[in-house]
Amino acid sequence: METTDLIFRIVLIVVIFAISLVVAMYSTYAERKVAAFFQDRIGPNRAGPWGILQPLADGGKMFLKEEIIPTNATGFLFIVGPSLAILTACIGSAVIPWGSAIQIGGRTFDLQVTDINVGVLYIFGVVSLGVYGIMIGGWASNNKYSLLGAIRAASQNISYEISMGLSIIALLMLTGTLSLKEIAEQQHGFAWNVWRQPLGFLLFLVCAFAETNRSPFDLPECETELVGGYHTEYSSMKLGFYLFAEYINMFISSAVMATLYWGGYNYPGMDWVAAQAGPTIAPLIGVVVLFGKIFFSIFFFMWVRWTIPRFRYDQLMDLGWKILIPLAITNIVLTGVISTLLK
Amino acid sequence: MSTFYFIAFLSIFFSILVISAKNPVHSILYLILTFFTFTIHYILLNAQFLAIVNFIVYMGAILVLFLYTLMLINLNKESEPVKPFMVKIAGVFGGGILAVAVASSLKLMGASNPVLLQNPDLGLVKNLGKVLFNEFLLPFEISSVLLLSAMVGAVLLATKEKEPKAA
């Protein structure tokens, strides 16, 4: 029992890790294709059929390029920066429930690496740790544009973490648990949290954009003002890690959003499907549904990036502190009042 | 138990690095590592909520602000203030007293009685929340009001110097 459980865990970890990396890799391809679609171009189409080998070519280029560490950079921290960025991006997936319990050969396994009872807070902690990769890298580069990018990243993350936390509090008031597994189970069928928390979801979405440094909140790497932002001095795979971390973050935050608000692996009519498909196949269909939601969400991230222009820095701060935080507090009060009245 | 000793060693090791590092930014980075070892201590004590809150609030927010400020100030050897002679004397004196205190406490050291928790699951979110909102509701609410007033006070201090009407 112990060994099979352990083996299943390890396999699950490896699979999730591989999936995150592959999704991140193909997000770069998807991003270029989506951008091309929005701008009425063709996009990458040389490497392989429809250009699907493009991410491999990009990766090979990143690995083979010359490693440059600037003379005045703080050598060790210069390497720690991107490593930390990719590390924090990868560990977020540990608490996400990828599907309901699956039965294989008479045994039941959870499709979740670990179900800690503070799962939501764990995600939150990992997100808040993510900024260190950017800050350390930006500071260690010893370049004023990098430093400015790093400082922007820090203040942006801290500002939006507050409204993100407040928007989650309203959700937690309804679910009554911090475990992502239980939150996903509560949304059985079509009882998704987004119907009960539309404003909370909207706030969370905006904050997720800001926390992943995606456009229109990509001020830390705003090339019209800061050359390349915090990764100005980076080249080869260290730059690749920063860009990669952004795509993994996008994947993880899409997964968190899908789990918290869009029902996770639940879908309407899942009981009927479960009765038809049996306890081994049905959870896998749930996983496919979850990935469908995640992919749509990633597409949404790209859609916004190629549609909405970047904010100015003061507008960003005003939005965070003067609009999102009051809205989030209003949302908490409204949720409290309504859920007490309906009880 | 050996995990505890290893983590405790790391805590002390990183705390010493915090005060011995020449570069203030390095010092903050060691402080982050120190707080990370504290988080592990809380997990070993089965206080998961405290662990994760320590992780989010101290490592994720407060130290980011520290780092942010230090990066802007850009302290280095040239701008380091030269300490007056009297301060050095005071430092030596203080250090000597600390050494005496440490030596005497080492001499009196014996195994203290371990505190036995009545409920080892007290640190889990559900139990902690029930205790906070039943037995300790008044102190909890008062401290939250205190924190809020501190925040309002900070905003007031920050905006005082500008135009009289707040923008």
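**Architecture and interface of a predicted two-chain model**

In chain A, 80% of the contacts with a separation of 6 or more are accounted for by residues 24 or more positions apart, two residues being in contact if their C-beta atoms, placed from the backbone, lie within 7 Å. The structure is a predicted model, in which local features need pLDDT of at least 70, side-chain atom pairs count only at pLDDT 80 or more, and totals for chains, interfaces and linings use all residues. Residues are numbered from 1 along each chain as its sequence is written, while chains are lettered from A and ligands numbered from 1 in the order in which they are written.

The pLDDT (the predictor's confidence in each residue, from 0 to 100) averages 83 in chain A, and 99% of the residues score at least 70. Among the elements of this chain, the highest mean value, 87, belongs to helix α8 (residues 198-211) of chain A, and the lowest, 70, to helix α9 (residues 223-226) of chain A. Where pLDDT is low, the predicted coordinates should not be read in detail.

The secondary structure of chain A consists of 12 helices and two strands; helices (H or I, at least four residues) and strands (E, at least two) are DSSP runs, numbered from the N terminus. Along the sequence the elements of chain A occur in the pattern α-α-α-β-β-α-α-α-α-α-α-α-α-α. The C-alpha trace of chain A extends over about 60 × 50 × 45 Å along its principal axes. Of the 343 residues of chain A, 45% count as buried. A residue is buried if 20 or more other C-beta atoms lie within 10 Å of its own, exposed if 12 or fewer, and partly exposed in between, with C-beta atoms placed from the backbone.

An unreviewed UniProt entry annotates residues 6-26, 75-99, 119-141, 162-180, 239-261, 281-303 and 323-342 of chain A as "transmembrane region". UniProt positions are given in the numbering used here, feature names are shortened, and annotations may be inferred rather than shown by experiment. Residues 239-261 of chain A are 96% helix and 0% strand, with end C-alpha atoms 33 Å apart. For residues 281-303 of chain A, the span is 100% helix and 0% strand, and the end C-alpha atoms lie 33 Å apart.

Chain B contains six helices and zero strands. Of its 167 residues, 12% count as buried, and 55% of the contacts in chain B between residues at least 6 apart in sequence join residues at least 24 apart. For this chain, the "transmembrane region" annotation in UniProt (unreviewed entry) lists residues 6-21, 28-45, 51-73, 85-106 and 136-158. The span 6-21 of chain B is 94% helix and 0% strand, its end C-alpha atoms being 22 Å apart. Residues 136-158 of chain B are 96% helix and 0% strand, with a distance of 33 Å between the end C-alpha atoms.

At the interface, 20 residues of chain A are in contact with 17 residues of chain B. Helix α3 (residues 48-73) of chain B gives the most to the side of chain B that touches chain A, with 14 residues. That side comprises 15 nonpolar, two polar and no charged residues; Ala, Val, Leu, Ile, Met, Phe, Trp, Tyr, Cys and Pro count as nonpolar, Asp, Glu, Lys and Arg as charged, and the others, Gly among them, as polar.

Leaving aside neighbours within four places in sequence, the contacts of A:Ala150 are A:Ile134, A:Met135, A:Gly138, A:Trp139, A:Tyr230 and B:Met71.

A:Ser20 is located in helix α1 (residues 2-38) of chain A and is buried, with 20 other C-beta atoms within 10 Å. Not counting residues up to four places away in sequence, A:Ser20 touches A:Cys90, A:Ser93, A:Ile248 and A:Phe251.
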